[in-house]
Amino acid sequence: MSFEMDEIHVVELRMMDKRKYYPLTLASGMSIRCMLYPFMLIKTRLQIQRGHTLYKGTFDAFLKISKHEGPSGLYRGFWVSCLQLFPSMTYITSYEWTRHHLTEQASITNSKVLSFISGGTASVIGQTLAVPLDIVTQHMMLMGRRTEGGRDQVQRKLATIQTLHVSEQARHSRFGAVAAVVESIYRHEGLLGFYKGYFVSLLCFAPNSALWWCFYDMYSDGLTVVSPDWVPRLLLRTIAGPLSGVSSAIITNPLDVIRARIQVEGRPFSETVSTLWRDEGCWMMTKGLSARLISSVAFSFFIVLGYESVKRLSLLDHYKDRVRW
């Protein structure tokens, strides 16, 4: 049998050594989050601000945050965000398990259909675990970080987009701020406050996840067909990933804006949409889109690079000769 006939194009969960796969996936996720967290913070602030009261765009936000809050201001809420690595692990495990189950039990063989269904299912499970952490992280992102050279005017403007009442002392404490945010949410809204915007999160992230995986398979297959055999498969995947990120981000960005507003401001879906339309008009469709595209392209590239590399490094010995790097 020739190598081409015997080659494995999609590495499944059953083909990997789990003792290598999970630790490597966790390390990869931590590294990626550390590199790209500033884009997540900037995207959130751009989506929450009204008009251009704080920042004119992604680059302007980066410069102002760096200048007035210092480099650490770009990582406000980072350690809370790191807890989302565990929902992320659940997400990727759910994706792999659902894909395997649909193949074995439902006899679905179309890779794009498998990816679409598995991506959506994994997102529902992942978001159920991630939404409380997401809400706390978003409030932390909006607090800012005061420095000796920071201007009071900048802090006052930033305070206008915050909805939680947190003491000044706690606001500028590394760990006290997290406790104060959690306490404030629970005091005003109870446990349900940690699932504010849960359904709109599903409405946003489930289609985004399903579309991303579907586009990923589509672009991967298309690039494989038009590329010479000597081109590394990993290179094609790292091109397909960012293309998938751009495609899915453009389609779902309006839902992401609505989700962020609901989780931070606590208003109902209809009121949030009406307010956005009144304040932004058609521009609500592109609010924070540049930051989201940069984040999505970078995340997609590094996630695919890490995800596909980890899968290949975790392969059981008898599959290694059948997977091309």
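Contact means heavy atoms within 4.5 Å of each other. The model is predicted, so local features need pLDDT of at least 70 and side-chain atom pairs pLDDT 80 or more, while totals for chains, interfaces and linings use all residues. Residues are numbered from 1 along each chain as its sequence is written, and side-chain values use heavy atoms, with hydrogens and water left out.

View 1. Arg261 lies in helix 11 (residues 233-265); helices are DSSP runs of H or I with at least four residues, numbered from the N terminus. Arg261 has a relative accessible area of 1% and is therefore buried (under 20% is buried, over 50% exposed, in between partly exposed, with a 1.4 Å probe and protein chains only). Leaving out residues up to four places away in sequence, Arg261 touches Gln47, Ile48, Gln49, Arg50, Gly266, Thr272, Leu276, Glu280 and Lys287.

**View 2. Helix 6 against helix 11.** Two packed helices are described by the angle and the distance between their axes. Here the axes come within 10 Å and cross at roughly 80°; axes are lines fitted to C-alpha atoms over the stretch in contact, with angles from 0 to 180 degrees between N-to-C directions. Helix 6 and helix 11 are therefore roughly perpendicular (65 to 115 degrees; under 35 is roughly parallel, over 145 roughly antiparallel, the rest oblique). Val131, Asp134, Ile135, Gln138 and His139 of helix 6 meet Arg259, Ala260, Gln263 and Val264 of helix 11.

**View 3. Helix 5 and what covers it.** Helix 5 (residues 85-105) has 21 residues and spans 29 Å from first to last C-alpha, close to the 30 Å expected at 1.5 Å a residue (1.5 Å times one less than the number of residues). Its buried residues include Met89, Ile92, Tyr95, Glu96 and Arg99. Among the elements covering the buried residues of helix 5 are helix 2 (18-48), helix 6 (111-141) and helix 10 (198-226). Ser107, which follows helix 5, has a positive phi near 55°.

**View 4. Aromatic pairs.** The whole structure holds 14 aromatic pairs (rings of Phe, Tyr and Trp, the last by its six-membered ring, with centres within 6.5 Å; planes under 30 degrees apart are stacked, over 60 edge-to-face, the rest tilted). The ring centres of Phe78 and Trp79 are 5.1 Å apart and their planes lie at 70°, so this pair is edge-to-face. Phe78 is buried at 7% relative accessible area, whereas Trp79 is exposed at 57%. Tyr95, Trp212, Trp213, Tyr216 and Tyr307 form one aromatic cluster.

Note on methods: Helix = DSSP H or I, 4+ residues; strand = E, 2+ residues; numbered from the N terminus.
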